Amino acid sequence: MSELQFATFYNGYEIPVLGLGTWQSVGDSVVDLIKDAVRMGYRHIDTAQVYGNEKEIGQAITDLIEEGIITREEIFVTSKLSSTRHRSDLVEPALRQTLSDLNIEYLDLYLIHWPMAFKESENPVPMDTDGKIQFSDVDYLETWEAMEQMQETGLTKNIGVSNFNSTQLSRVLDNCKIKPVTNQVECHPYLPQIKLSEFCKSKDILITAYSPLGAPKRPWMQEGEPVLLEDPKITEIAEKYEKSTAQVVLRYQIQRGHIVIPKTISLDRLEENMQIFDFELSEYDIESLHTFERNRFCPFTVSIDHKDYPFHDEF
């Protein structure tokens, strides 16, 4: 088993640089997935209210603690606030529901999942009769103030954002009491996020890279779209290091100072993704991977008309 490495937030709190993403992981199989991952050495689990799997993850964590495999302090748990819960009075109930489902007393990290607020609803993506998302005009600064209160009460150890562009992040920084510790964004060689990464680094905010493998199982993938892990140039780099293309693109994130949360339901892939701490990419290969930019795989275009849609800006 590879030795896990940690990154440190500006406040001194540590986070394992490799985590397990759980988007699309639903049903009873999630319990076994989490247990297998933790037994393999994973100590960082990333979920969200909208993923619909927090109860299963909670069951796995409870079982692992009862079995003496881990203590609560040894597992880093991240969740995210749904866009339908941006109004300040809804943030604490949403977090408490997440904690109840996960069967834990606090989160290690709570994120605003998206800057866009949706109509307050039990449905995480409320649609009108025309099939369009119903928006809310709640300002994410109101949401952030409520997030700060959640950290102050101890319900979460850290707070951050997800899918915020640099302009939105700057606005939070200009109006906050507690600075975000991370911005979780899509990041991979086809979307290297060079400018956003440099901006966040200048503010002591860590990037957490989701879909680092190029989201190959995304439901909206079109025939003929590029497959990151099959890119011949990445394959060539992988062969040089005698590693897989997945290990190369994960190592690419680690060496940039990013946290990375690949998702998988395969035991072999879980093990493979752990084996990224025993080699280093050359500066030349990292610079080469920076030049592969092609497209965003998770644009969430159904919300493109929202005033706070984040992907209009350059970065």
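**Note on loop residues and a pocket**

1. S211 is buried, at a relative accessible area of 13% (buried means under 20%, exposed over 50%, partly exposed in between, with a 1.4 Å probe and protein chains only). S211 has a positive phi of about 50°, although it is not a glycine. Most residues other than glycine have a negative phi. The residue sits in the loop between β9 and α7 (232-241). Helices (H or I, at least four residues) and strands (E, at least two) are DSSP runs, numbered from the N terminus.

2. Some ground rules. This is a predicted model, in which local features need pLDDT of at least 70 and side-chain atom pairs count only at pLDDT 80 or more, while totals for chains, interfaces and linings use all residues. Residues are numbered from 1 along each chain as its sequence is written, and side-chain values use heavy atoms, with hydrogens and water left out.

3. D204 also has a positive phi, about 60°, and is not a glycine. D204 is in the loop between α6 (194-202) and β9 (206-210). Is D204 buried or partly exposed? It is partly exposed, with a relative accessible area of 48%.

4. G214 lies in the loop between β9 and α7. It is buried, with a relative accessible area of 3%. Setting aside neighbours within four places in sequence, G214 is in contact with H188, L228 and F297 (contact means heavy atoms within 4.5 Å).

5. S136 belongs to the loop between β6 (109-112) and α4 (140-152). S136 counts as buried at 10% relative accessibility. Its side chain reaches the backbone nitrogen of V138 at 3.3 Å. Leaving out neighbours within four places in sequence, S136 is in contact with A117, F118, K119, E120 and H306.

6. The second largest pocket has a volume of about 200 Å³. A pocket is an open set of points on a 1 Å grid over the protein atoms alone, where a 1.4 Å probe fits, with protein on both sides within 12 Å along at least five of seven lines; lining residues have an atom within 4 Å of a point. The lining has 14 residues, of which Q49, R85, A94, Q97 and E122 lie nearest the centre. β5 (76-81) and α3 (88-102) are the elements that give two or more residues to this lining. The largest share, four residues, comes from α3. By class, the lining has six nonpolar, five polar and three charged residues.

Methods
Points joined across faces, edges and corners; volume = space filled by probe spheres on them. Nonpolar A, V, L, I, M, F, W, Y, C, P; charged D, E, K, R; others polar. Polar contact = N/O pair within 3.5 Å; in protein donor to acceptor, adjacent residues only side chain to side chain.
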